[in-house]
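Work through the exercises below with the sequence and the model open. Each task is followed by a solution in steps.

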Amino acid sequence: MNLSSKSATFLCFLLLPLQGAEEKSVTFSKDIAPIIFENCTTCHRPGQIGPFSLTDYKTVKRRAKQIVEVTEDRTMPPWHADPGDVKFSNDRSLSPEQIKLLADWVTADRPEGDPAETPPFPEFHDKWQIGEPDQIATMAEPFTVPAEGRDIYRSFVIPMNLEEDRWVEAIEFLPGAPEVVHHILYFLDTSGKARRYDAEDKRPGFNGLKSTAGFGYIGGWDVGTEPTELPHGLRFFIPKGSDLIVQIHYHPNGKELTDQSSVGFHYSDKPTARPWTIIQVPPHFGQLQGIDIKAGEKEHIEEASFILPEDCETFAVNAHAHHLAKRMELTATLPDGKIIRLLRTTRWDFRWQEDYSFEKPVKLPAGTRLDMLISYDNSASNPNNPTNPPKDVRWGPQTTDEMGSITLAAMFDTKDQKNATHDALRVFLVNQLIDRLWEGRADVLGSKNKQLQDSVQMLKALDSDKDSKLSPKERIPAILFIQGSGFLKRFGAIGFE
Amino acid sequence: MTGNRSFNLCEINKILAPILGTTLIVKIQSSILLSSAVIFLGFNQPVLAEEGVERAERFLNIEKGRIRLKDASGKLVEPLANHGQKATVLFFLTTECPIGNLYSPEINRIVEHYKKQGVTCHAVYAHETLAEIKKHRSEYKLSLSALLDPEVKLAKLPGATVMPEACVLGQDGKILYRGRIDDRAVKFGTVRMEPRVQDLRLALDAVLAGKPVAQKFTKPIGCYISCPEPSLPKQSK
């Protein structure tokens, strides 16, 4: 007993400083609840994608240690853009002060404080966050997602039954099984091709890795993002008779689920305030970039540059690659020499396909050079490497292939500016094709037909100064020939038409 | 000075352990200690490091006969007692951990594969009600027996700290392996598409072959097991 009472005295001394600290310490009600409600609860509430709920003192207290870990290493909230030259309006990252408050709260043993101080729980709508849509397009049949296995890409065709062209001001996605729906892309098809794909496939929808050539891309949604409400009075155009294609990326999560998702459209009486499009560098997710990453290569760099032929204003940026990408950057060098870093991430994560919206549109005058850089890690030490041991990786749609490009959403003053930008992107793509043929990389086209062999012969003949290079002037006939050949049709749209 | 603060014993032990030593803490805890403002309950700190396996073995041998937990049907089970099984696997699980849930099909495969070889498996839940456990079992098609461990009696013995975590016990109740099921989870938010090392299977194969387990401890990634709150009323000065 003597020992115990001695220890008790000793303990009191040890604990005194802790109690002193507690009096001025952070509390759940005053400091933590506002951070959680503002940044976590959108997903971490019942029925949403967040695997557990963070809705009150009890649930947050239980997860406190984990919350500190994932906020300190910035795994959560998911936001992968480094702070840079341009501010993002949808920045989900926590401030260093908020991260420290969370850590201090755990150090102080997670006191609740005065429950009366807790801010009211945010109001979430049960279904549609931005109100009842004008039209709801729902998958015709439920799709079964197995308990485990690799990610699934599945495209579903939903007839829109529009008898006239429509302008869309907002799109909202409503996942049927939020636990496994990871991200989606929307396309439009007026050709009937998507319906044919659907009919050929016995299960609901068709393989989401099938080429989207010929489909008009109209955006996407990923976990935790707000509904797509177009800024600056911009509108999407949906031609009458369109079918909506919803390409869904599913993540199996340990239990079998069925998904039947819906897309809600908010229509507008007014057409788009300005012409706008997407500028992808390099176009078509880098299909003609000639990506060839050797097994084990720790830092493989791909670069591409595109010069804007016309003035534009960019209002959002988005990056895309598969699992091997690590660092992705897009920098604009203006004609006056000013350099603006539009996007940089050193923590690219395929699981989070984010759109980064600029707080204010960024003016990019004609002559601005866009420089894109992606660094890939194809070593065995990359835990995201889908192949073990690593293998050589080239461009392709499969999870084990790679791709990569960074895309700006940009608006113009005139339709001509937009068309000229599309034309320049097509020439960019044709130049990439010429470079690949010159290098003997016909594999980027996935074919080795006679026509290609002829093209290579033709290119060799164009090298009039015999320096084994094609100068910009020497290429002109080749560019005109390829553009006239209808070859580009196999790539589909270059931007929003 | 306010005294109405409830101390988390895990935290206190973390502070005290280096100063007082584990043996002393155990003595203190067993001789209910009251200071003017603090009450705390007997708990030993879940051990975190590899040497913890050795340390925990001593406790296990003392306690194993006394651990009785209810299973999902309400029956009392003595998971550490010798029922003739060649080895016992405890899977510490929670219904809400995305990493743990991802492992459900693999847990089922392990249960099926090693059952034929005389291995008994239990899922041990520290944080859930019976209704939640039943729902989890049916949603994730978990076939192994489920044990309710609301006081974290069982989890603290081998020093399990996260869910999912696996622990292999030999016939004599000795801990032969504790840690991850395989190396799929790298950290929160980073999970390999396929495992490279199936640690739990390797350990079980060694045990069944009568060989020593090469890797006795691995660091599991998952949601943390938290110590229960002190159940005594809070004291005010």
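**Exercise 1.** Determine how many residues of strand β3 (residues 87-93) of chain B are buried, and which way they point.

Solution. The model is predicted. A residue counts as buried if 20 or more other C-beta atoms lie within 10 Å of its own. By this criterion, seven of the seven residues of β3(B) are buried, so the strand is mostly covered. Next, sort the residues by direction: B:A87, B:V89, B:F91 and B:L93 point one way, while B:T88, B:L90 and B:F92 point the other way. In a regular strand the side chains alternate between the two faces of the sheet. Both sets in β3(B) are buried.

**Exercise 2.** Find the strands to which bridges join β3(B), and state how each pair runs.

Solution. Start with strand β4 (residues 119-125) of chain B: seven bridges join it to β3(B), and the two run parallel. In this pair B:L93 stands opposite B:Y125. Then take strand β7 (residues 165-170) of chain B, which is joined to β3(B) by six bridges and runs antiparallel to it. Here B:F92 stands opposite B:E165.

How values were computed:
Residues are numbered from 1 along each chain as its sequence is written. Chains are lettered from A and ligands numbered from 1 in the order in which they are written. This is a predicted model: local features need pLDDT of at least 70, side-chain atom pairs count only at pLDDT 80 or more; totals for chains, interfaces and linings use all residues. A residue is buried if 20 or more other C-beta atoms lie within 10 Å of its own, exposed if 12 or fewer, and partly exposed in between; C-beta atoms are placed from the backbone. Helices (H or I, at least four residues) and strands (E, at least two) are DSSP runs, numbered from the N terminus. Two strands pair if DSSP finds at least two bridges between them.
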